[in-house]
Amino acid sequence: WPVWVLALAGCDRATVSPALLRQMSAHTANVPVVLNDAGSRTKLIPPVPPSQTLFRQKMQQDAMAVGKLAEGVTFFVADLQKLHNLLEHRMQQLATGTQA
């Protein structure tokens, strides 16, 4: 697995893919803690009340978020169309008594 994954040891808030987690579960050697986020747990960050305006402002400031959201919506629409086509085809099979 990538070295950067081991470098995240000790950072509880990191996201690691399930595939890498499975690979790492077989790892038995000690891994030194490189990062430590314990200090961030003691800081009290006041909650920000959610609002659509604030969400949109923050979203527009993050080009990657905008791009990934658009990409996700595009893929969702494409998958929804595929599902619709599959269901339509299956319904026609059921209506005519044919199997493919």
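Biologist: What does K68 form a salt bridge with?
Modeller: With E71, and the closest N and O atoms are 3.2 Å apart. A salt bridge here is a side-chain nitrogen of Lys or Arg within 4 Å of a carboxyl oxygen of Asp or Glu. Bear in mind this is a predicted model, where local features need pLDDT of at least 70, side-chain atom pairs count only at pLDDT 80 or more, and totals for chains, interfaces and linings use all residues. Residues are numbered from 1 along each chain as its sequence is written, and side-chain values use heavy atoms, with hydrogens and water left out.

Biologist: Where do K68 and E71 lie?
Modeller: Both are in helix 5, three residues apart, about one turn of the helix. Helices are DSSP runs of H or I, at least four residues, numbered from the N terminus.

Biologist: How many salt bridges are there by this rule?
Modeller: Two. The other pairs D79 with K82, with 3.7 Å between the closest N and O atoms. D79 and K82 sit in helix 5 as well, three residues apart, so about one helical turn separates them.

Biologist: Is K82 buried or exposed?
Modeller: K82 counts as exposed, at 52% relative accessibility. D79 has 46%, so D79 is partly exposed, and E71 is partly exposed too, at 34%. The cut-offs are under 20% relative accessible area for buried, over 50% for exposed, and partly exposed in between (1.4 Å probe, protein chains only).

Biologist: New topic: which element has the highest mean pLDDT?
Modeller: Helix 5 (residues 63-96), at 95, while helix 3 (residues 38-42) has the lowest, 63. pLDDT is the predictor's confidence in each residue, from 0 to 100. The chain averages 84, and 88% of the residues score at least 70.

How values were computed. Helices (H or I, at least four residues) and strands (E, at least two) are DSSP runs, numbered from the N terminus.
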